[in-house]
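Subject: Structure for you to look at

Hello,

Here is the structure I said I would pass on. Please open it beside this email and follow along; the notes on what was found come after it.

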Amino acid sequence: MATTDNDKGEDLIQATLAKKGYTEVSKLGEGGMGVVYKCRHADGGLRVLKFSRGDFESSEEGQALLEEGNQMRQLRHPNLVQIWQLIMTPTLVMLELEFLAGGDLHCRIHDPQGRPISSKILMIRA
């Protein structure tokens, strides 16, 4: 069976996780910017790691993730996920983010059928 670029990218991510002291707990999602994992660090803490797709130096996704990371590191607010560090390798950009339990934002602001929950209900539930 032939190795695909996706397999090579996954291997690189797994090698980077191991090298940086992380163990993958679960894959949280994948999108246009890259792939997101819930991981356990060697210190025992849970983190969210977001990886760019492709080569950092030449990919739009890598550059966009780098810009996102730099902007997020400057923000401080109790209602925002904190970025702990931005790790760059020659072929990856990795954001280490605070892990917050309770599901993603979409699940918190939509009902089970995917319809938006009104702001009044949201305020009562919060």
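I83 stands opposite L97 in β5. The strands β4 and β5 pair in the antiparallel sense over five bridges, where two strands pair if DSSP finds at least two bridges between them. Four residues lie between β4 and β5 in the hairpin that they form. Helices (H or I, at least four residues) and strands (E, at least two) are DSSP runs, numbered from the N terminus.

Before going on: this is a predicted model, in which local features need pLDDT of at least 70 and side-chain atom pairs count only at pLDDT 80 or more, while totals for chains, interfaces and linings use all residues. Residues are numbered from 1 along each chain as its sequence is written, and side-chain values use heavy atoms, with hydrogens and water left out.

β5 also runs antiparallel to β3, joined to it by five bridges. In this pairing, F51 is opposite M94 in β5. Is strand β5 enclosed or open? Five of its six residues (93-98) are buried, so β5 is largely enclosed by the rest of the structure. Buried means under 20% relative accessible area, exposed over 50%, and partly exposed in between (1.4 Å probe, protein chains only).

Next, the core. A nonpolar core is a set of buried Ala, Val, Leu, Ile, Met, Phe, Trp, Tyr and Cys residues joined through side-chain atoms within 4.5 Å. The largest one has eleven residues: I13, L17, Y22, V35, Y37, C39, L49, F51, I87, L92 and M94. Two or more residues each come from α1 (5-19), β2 (34-41) and β3 (46-52), and β2 gives the most, with three. Another core, of eight residues, lies apart from it and includes L66, L86, L95 and L97. In soluble globular proteins, nonpolar side chains tend to be buried together.

T16 sits in helix α1 and counts as buried because its relative accessibility is 8%. Leaving aside residues up to four places away in sequence, T16 touches F51, L92 and M94; contact means heavy atoms within 4.5 Å.

Which residues form salt bridges? A salt bridge is a side-chain nitrogen of Lys or Arg within 4 Å of a carboxyl oxygen of Asp or Glu, and the structure holds three.

- K27 and E30 meet at 2.9 Å, N to O. K27 is partly exposed, at 39% relative accessible area, and E30 is partly exposed at 45%.
- D43 and R47 meet at 2.8 Å, N to O.
- E96 and R47 meet at 2.8 Å, N to O. This pair links distant parts of the chain, with E96 in strand β5 and R47 in strand β3, 49 residues apart.

Both E96 and R47 are buried. Through shared partners, the salt bridges join D43, R47 and E96 into one network.

Two single residues remain. K50 is in strand β3 and counts as buried, at 16% relative accessibility. The unreviewed UniProt entry has a "binding site" annotation that covers K50; UniProt positions are given in the numbering used here, feature names are shortened, and annotations may be inferred rather than shown by experiment.

Q74 lies in the loop between α2 (60-73) and β4 (83-88). Q74 is exposed because its relative accessible area is 66%. Its side chain reaches the backbone oxygen of N70 at 3.3 Å.

Regards

Key: Polar contact = N/O pair within 3.5 Å; in protein donor to acceptor, adjacent residues only side chain to side chain.
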